[in-house]
Amino acid sequence: MTTTARARLRDLLDRRQLIVAPGVYDGISAHLVKRTGHVAAYLTGAGVAASGFGLPDIGLVTQTEMVERARMIVRALGDVPVLADADTGYGAPINVIRTVREYEDAGVAAIQLEDQAFPKRCGHLPDKELVSADDFVRTLTAALDARTDNGMLVIARTDARGPLGLDEAIRRANRYAAEGADLLFVEAPQSDHEIERIAAEVEAPLLLNLVLGGLTPEQSAQRLQQLGFAVAIHPSAVLAPSTLGALSALCQMRGIDAADLMPTTPEDFFNLVGMAEWATLGESYQPARQEI
């Protein structure tokens, strides 16, 4: 027996009307999305990392932490479908099986998995590393097999555009679609032309990620509808202005200028929660470079 929220998401997709899903990351953002009449919400891993744990989106939040946040968000949103970020699935295929079962039990309407290597990075940051397409197919197959309710959709995301180029990203997306993914997500296209190519060349329902200050140019809902996209997620649409408002208020209380602290890119935003410090820490454990 599927949930009302999952049935609603299927129905929305069947109507072929673009689904606009604002990013949610805590109780107040979830309630506001519901009270403003949005038909779906996107549980943003970046938002949960920053708001819930004071961490940048570089793979530091665990599966259990994300599941508990998903459970609370689903409870707050009720029958509004939640599309939930699950990063790389948090391990090997056997770990992915548990991840899918936990997210399904939490009540999400769709779970998103990506083909980055662990630890992942925000899709709009540089220096992403990928697993092979074959490895991700094993992850995807495990996820599809693990579902007990086929009403919960599986979103397959490829981050190949940055490291390997758009042709490889499109090739991977079509392969993941052929393997049974319900929605395809090509992360971080960098121009209107690239978005058009994805729409024309990926043979599956498509999701586009619109991050404020990110690599992908802003698109209107009307334009995405014309191109045939199924879903547009806006992970930072609530988080970014909320952060700016808090920052402005805190600086005003201290009588200081907030301009130098205001983030304009995802990297700027994550530096507010210590990304530079975490990067330095991570580098200190890298093997020494060998002289040739």
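Me: Is L164 buried, partly exposed or exposed?

Reply: The model is a predicted one. For burial, one compares the relative accessible area with two cut-offs, 20% and 50%. L164 has 48% relative accessibility, so it counts as partly exposed.

Me: Where is the place of L164, and with which residues is it in contact, leaving aside its neighbours within four places in sequence?

Reply: L164 belongs to helix 7, residues 161-164. Beyond those sequence neighbours, L164 has contacts with L130 and R172. Separation along the chain and separation in space should be read as two quantities. L164 and L55 are 109 residues apart in sequence, with 28 Å between their C-alpha atoms. For G37 and V80, the sequence separation is 43 residues and the C-alpha distance is 9.3 Å. G37 itself is in the loop between helix 2 (27-35) and strand 2 (41-43), and a relative accessible area of 54% makes G37 exposed.

Me: How many aromatic pairs does the count come to?

Reply: Ring pairs are judged by the distance between centres and then by the angle between planes. The count here is two aromatic pairs. One of them, F136 with Y176, is tilted, with 4.6 Å from centre to centre and 55 degrees between the planes. This pair links distant parts of the chain, since F136 is in helix 6 (residues 133-146) and Y176 is in helix 8 (residues 166-178), 40 residues apart.

Me: Why is the pair of F269 and F270 edge-to-face?

Reply: An angle over 60 degrees between the planes counts as edge-to-face. The planes of F269 and F270 are at 70 degrees, with ring centres 5.5 Å apart, so the pair falls in that class. F269 is buried at a relative accessible area of 14%, and F270 is buried at 2%.

Me: Which residues have the most contacts inside the largest nonpolar core?

Reply: In soluble globular proteins, nonpolar side chains tend to be buried together. The largest nonpolar core in this model has 70 residues, and Y103, L184 and F229 have the most contacts inside it. Not counting residues up to four places away in sequence, L184 touches residues including Y176, V202, P205 and L207. A second, separate core has 17 residues, among them L12, A109, L153 and A230.

Me: Which residues make the nonpolar surface patch of about 420 Å²?

Reply: That patch is made by L60, W278, L281 and Y285. L60 is in the loop between helix 3 (45-53) and helix 4 (63-77), and a relative accessible area of 30% makes L60 partly exposed.

Me: What should be noted about the backbone, beginning with the peptide bond that joins F118 and P119?

Reply: Most residues other than glycine have a negative phi, and most peptide bonds are trans. The bond joining F118 and P119 is cis, with omega about 0 degrees. P119 is in the loop between strand 4 (110-114) and helix 6. Positive phi values also occur in residues other than glycine: D87 is near 50 degrees, and A188 is near 60 degrees. D87 is in the loop between strand 3 (82-85) and helix 5 (93-106) and is buried, with a relative accessible area of 8%. A188 is in the loop between strand 6 (183-186) and helix 9 (192-201), and counts as buried at 3% relative accessibility.

How values were computed: Residues numbered from 1 in each chain as written. Predicted model: local features only at pLDDT ≥ 70, side-chain atom pairs only at ≥ 80, totals over all residues. Heavy atoms only, no water. Phe/Tyr/Trp six-rings, centres within 6.5 Å; stacked < 30°, edge-to-face > 60°. Buried < 20%, exposed > 50% of the residue type's maximum accessible area, 1.4 Å probe, protein only. Contact = heavy atoms within 4.5 Å. Patch = residues over 30% accessible without salt bridge, like charges linked within 9 Å, V, L, I, M, F, W, Y side chains within 5 Å. Areas by Shrake-Rupley, 256 points an atom, 1.4 Å probe, with all protein chains shown as cover. Salt bridge = Lys/Arg side-chain N within 4 Å of Asp/Glu carboxyl O. Core = buried A, V, L, I, M, F, W, Y, C linked by side-chain atoms within 4.5 Å.
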